[in-house]
Amino acid sequence: MPRIIRAREFTADQAWAALDIATMNGCITTRLHWTDQPYRWHANDGQEVFVVLDGIVDMHYCFGGREEVVQLEQGEIFFADIGCEHVACPRGAARILVVETAGSD
């Protein structure tokens, strides 16, 4: 059955709350997050696709032993490979689509 999700209308009571959209092949999750607060530094044990649907997010990540920062705006995508340390820091409220291995942090 089809499902329509209006991402801009999704809100939550706490930062990084999520709407589970799908679990594909039993191992890949697709979730819509709402947040107005930074997450925390972490490295996933699987790959992660991070899509800004609404808002602006500063993505901090480590590359070559240095911390880098990239500003992500609506429609932009950040791909974190296995072990890539990163933290998302929204500028105000943001809605983010995350596709990752089920159970990833």
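Reply: Let's go through a few strands and then a loop residue. Keep in mind that this is a predicted model.

Me: Which way do β1 and β2 run, and how many bridges join them?

Reply: Strand β1 (residues 17-24) and β2 run antiparallel, with 7 bridges joining them. They make a hairpin that has 3 residues between the strands. Have a look at Asn25 in that turn, where phi is positive, about 55°. For a facing pair, take Thr23, which stands opposite Thr29 in β2.

Me: What about the pairing of β2 and β9?

Reply: That one is antiparallel too, and β2 pairs with β9 over 8 bridges. Here Leu32 stands opposite Leu97 in β9.

Me: Why is β2 described as largely enclosed?

Reply: A residue is called buried when its relative accessible area is under 20%. In β2 (residues 28-35), 6 of the 8 residues are buried, so the strand is largely enclosed by the rest of the structure.

Me: Now the loop. Where is Ala93, between which strands?

Reply: Ala93 lies in the loop between β8 (85-90) and β9 (94-101).

Me: Why does Ala93 count as partly exposed?

Reply: The class runs between the buried cut-off of 20% and the exposed one of 50%. Ala93 has 38% relative accessibility, so it counts as partly exposed.

Me: And which residues does Ala93 touch, leaving aside those up to four places away in sequence?

Reply: Trp34, Thr35, Asp36, Asp54 and Gly55. Sequence separation is worth checking as well: Ile56 is 37 residues from Ala93 in sequence, yet their C-alpha atoms are 8.1 Å apart in space.

Key
Residues numbered from 1 in each chain as written. Predicted model: local features only at pLDDT ≥ 70, side-chain atom pairs only at ≥ 80, totals over all residues. Heavy atoms only, no water. Helix = DSSP H or I, 4+ residues; strand = E, 2+ residues; numbered from the N terminus. Buried < 20%, exposed > 50% of the residue type's maximum accessible area, 1.4 Å probe, protein only. Contact = heavy atoms within 4.5 Å. Pairing = 2+ DSSP bridges.
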